[in-house]
Amino acid sequence: MTDPSFPVGAKVHHAVHGAGRVVADVGATIIVRFNERIESLLASELRVEAAFGGVGFSGSLEENREALLRAQALAIRSVNDQWGVFSRSRVQLLPHQLWVCHRVNRQWPFRWLVADDVGLGKTIECGLVLMPLIASGRVRRLLILAPAKLVPQWQARMRQMFDIRLQAYAKDGDTERLDFWGTANMVVASIHTLRDDRRGARARLLDAEPWDAVVVDEAHHLNADERLGETLAYSLLRDLEARRRVNSLLFFTGTPHRGKDFGFFALMRLVRPDLFDPDKDTGPQMHHLADAMIRNNKSLATDLRGNRLFTDVTVSSREYGFSAAERLFYDTLSGFILDGRAYAATFDGRAQSARMLLLITLQKLAASSIAAVRNALAKRRERLASITDQVRAVDLARVDTEEPDDLDEQAEREENVPTAILVQLMDDEIARLDELIALADGIPRETKITRLVDMIDAEMPADEPVLFFTEYKATQTLVLNALQARFGHGCAAFINGDERLDGVINAKGVAAPRKWSRDAAADAFNQGGIRFLVSTEAAGEGIDLQDRCATLVHVDMPWNPMRLHQRVGRLSRYGQKRPVSVFILRNPDTVEARIWDLLNTKLERIQRALGHVMDDAEDISQLVVGMSGSSYFSTLFSEGHAVGEPERLQGWFDQATSTLGGEDIVDRVKALVGNVARFDFQQVGKDLPQVDLSDLERFFSGVLARHGRRVFKRETGLEVKAPDEWVREDYALRERYEGLAFDRTLVGAQAATRVVGVGHRLFDRALREAEGLPSRVGFCARLEHPLLLIAIEDEVTGGGAQISRVTIGLYATSDGVRVLRDWEVLLLLNGVSASEIARAISERTVAEVTAGLMSSTNLVLAQHAAFMTQPKAWPELLLLPDAENYPIALPPPPSAGTKTRF
């Protein structure tokens, strides 16, 4: 028999689960729905909250205070669940980042791929998505997968920005006996480490408990090919999904489409297998991208006032010419490579591929510097001379289809190719190598490096920081030594893959190895300890260098144009205060320079053509380049070298690039840009919450005052003693807190732990308490009109909606009933206070005011139907003005034509 104290639909409160509604009374237990969860609980653990029909409000001051605190708590929770704006991050939040959080967190579990431009803040977007979920307990097990070189950065930034403590995966801690995956709940790991199962790491991960959320950075490493099959990284994610070990999934990549529709839709199948399948027709699937893929472009990113975020980037060339000795070396090397290509053409299959790989590598090294290719030639000469019996066969049957861990790894591989592949390039190879090495040794100083140093000296202020990029370490050494020779020892540092550089000349004039860690070099550059930073592609991703520097020099040009975007992205990112200047060193007499000229001209034509058919002007060259694929450009540069004469190059280039910017790629770019979800300030800007951490302070002080605690403002920050009962209930709470601040800009020691917001343990305790207060009606001083807070809930569970509860306000002004968003409610309440006047209020009055305001909810419910299966509005709390005669006769509800966005 149903207990009348627990009728179906009655609102109840539980100490752990919070507020819920009764679904059924089954005797010994009560079935209650808490948002999207259904729990079976003992009746003794539940407290029935008074309905508006039985308020029993006495008008005491204490009840007024509790009503105001509860109203503030409901608004705070609603805002943060949707936007993450109160998450205690230590960075200034931007509109597109809040929007990404809002978009992703409208679904639980969420499944999204975010393909924002470099520099738009993927780490911040990730933290904003995760913080509300971690604070509410929805995400308890989190796995972040990233390239190995980015793992320390993810760990550091999640801690520094959001105080999310991630445990870095370590091979030594992952054994059957230690049970890493059974003890670690917040993990960041290298996906390239876990993909290999030689030590059983992959198997143990697959057998571990499921993850509430999995985040994958540089998700394009999860590649699948029609011919070559899946990479190990792809199959790892697929196996995790097959074992049902992933609940929510969030991918980040700047290059989601790598030139093949099959690979793109295979990646999207991991995100939403219900929407995408690479084996099916791709056209119809494009229309589903808005439900699974987000892409924001730098050119459209703005601040909260709608002003553009990013400064302009200007690119200019600085030319140089070969000396006679350099020209002789270049021509001789070109002849060597052409003869090698002819010799390779006499072989088939793997034998030909091995020779071509070596020749292409020599071309790339030569385009960087004579020093780089000279080192490779000398190593090869030494190895060839040491082989007397036979050339070691190279087994190329195992084709490594994995992407390198980072951009620098590929260059490291290429530098080592001349010593690793010992196939014969031509019959008289050793003699030809001796000739080339002798010519290189006759060049004491390269013209390129002289031109580089002269340009810095003549064109830039003496204190201007400069970032240099080159592909190879030999060139890096050359540049570093030249800078220190001209501008003094200690003026420069370097970043490369192994954090070591050979041949660096010290103050005594001795060449010796030098070590710089990636983070130490970046910090020294950002803090002004050094003027110059010389980097290989190891700094092409994952390092922010925009604080002081706005000048970048490409010492050499990579054959993959995508790397240029990633290089420039180190400076052209949020926080850059100056226009970014990019300089390219080029020799117009080289084949590489001519090909780059032709390629840039073609990309500019494509940009102009697409610009005419796009709603918003944006730089789409990154998408075009990404869709073409890195192998396309590698072939373009390597084969272009064999063309030779400049007069033949134009015709050859036009034929070789006939598909670049062709109908297929243009259509795919238009389809991607036109179908993905994106932030548009003109459409969404006015709906962004205009609140921040400082708007929480009044509520926080009010809850503590309820326990007789004061918040003291000291020079070092806020000081407060936690209520005794809180400390008794939660062992992790401290008795006293000092140096707290509702300020994202806080710096100094332990700044991440001192910023207060949702996610701070003390604040979360205050928020939970206020949400559970039983108050239903209260008087507020300086409140001009009645304000009814209603909760909009989704009555259908299991439909995927995470925001199953949104709080809004209905404000009965003299001009009509205004619908206030949750953040507008909070701002309104921050300007009022609990009434000092105790006044009795009849249940009839409460019922009349509530019924009158609730008549305005139909329009509001219709607006929430877009992301709720069956939204229903429930009255939560009524706040009345502190006046002798507040208006009982309410204005009419808003008309059907009224537009209110959420």
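**Entry 1: a helix pair.** I looked up how α13 passes α17 and recorded a right-handed crossing. The model is a predicted one. I then asked which residues make the contact between the two helices. On α13 they are A371, A372 and N375, and on α17 they are A474, T475 and L478.

I next took the geometry of the pair. Helix α13 spans residues 370-386 and α17 spans residues 473-487; they pack at an angle of about 135°, and their axes are 7 Å apart.

**Entry 2: a sheet.** I traced an open sheet of seven strands with parallel pairing. The order I noted is β8-β9-β7-β10-β13-β6-β14. Which strands stand at the edges? They are β8 (167-168) and β14 (293-294). Each has a single partner strand, so one side of each lacks a neighbour in the sheet.

I examined the pairing of β14 with β6 (residues 111-114): the two strands run parallel and are joined by two bridges. For L113, I found M293 in β14 as the bridge partner.

**Entry 3: helices on the sheet.** I looked up what packs on these strands. Helix α9 (residues 261-271) touches β6, β13 and β14, and its direction makes about 140° with that of β6. Helix α3 (residues 122-136) lies across β6, β7 (142-146), β9 (186-190), β10 (211-217) and β13 (246-252). I noted that α3 runs at about 160° to β13.

Technical notes
Residues numbered from 1 in each chain as written. Predicted model: local features only at pLDDT ≥ 70, side-chain atom pairs only at ≥ 80, totals over all residues. Heavy atoms only, no water. Axes fitted to C-alpha atoms, helices over the stretch in contact; angles between N-to-C directions. Helix = DSSP H or I, 4+ residues; strand = E, 2+ residues; numbered from the N terminus. Left-handed = near helix turned anticlockwise from the far one by under 90°. Contact = heavy atoms within 4.5 Å. Pairing = 2+ DSSP bridges.
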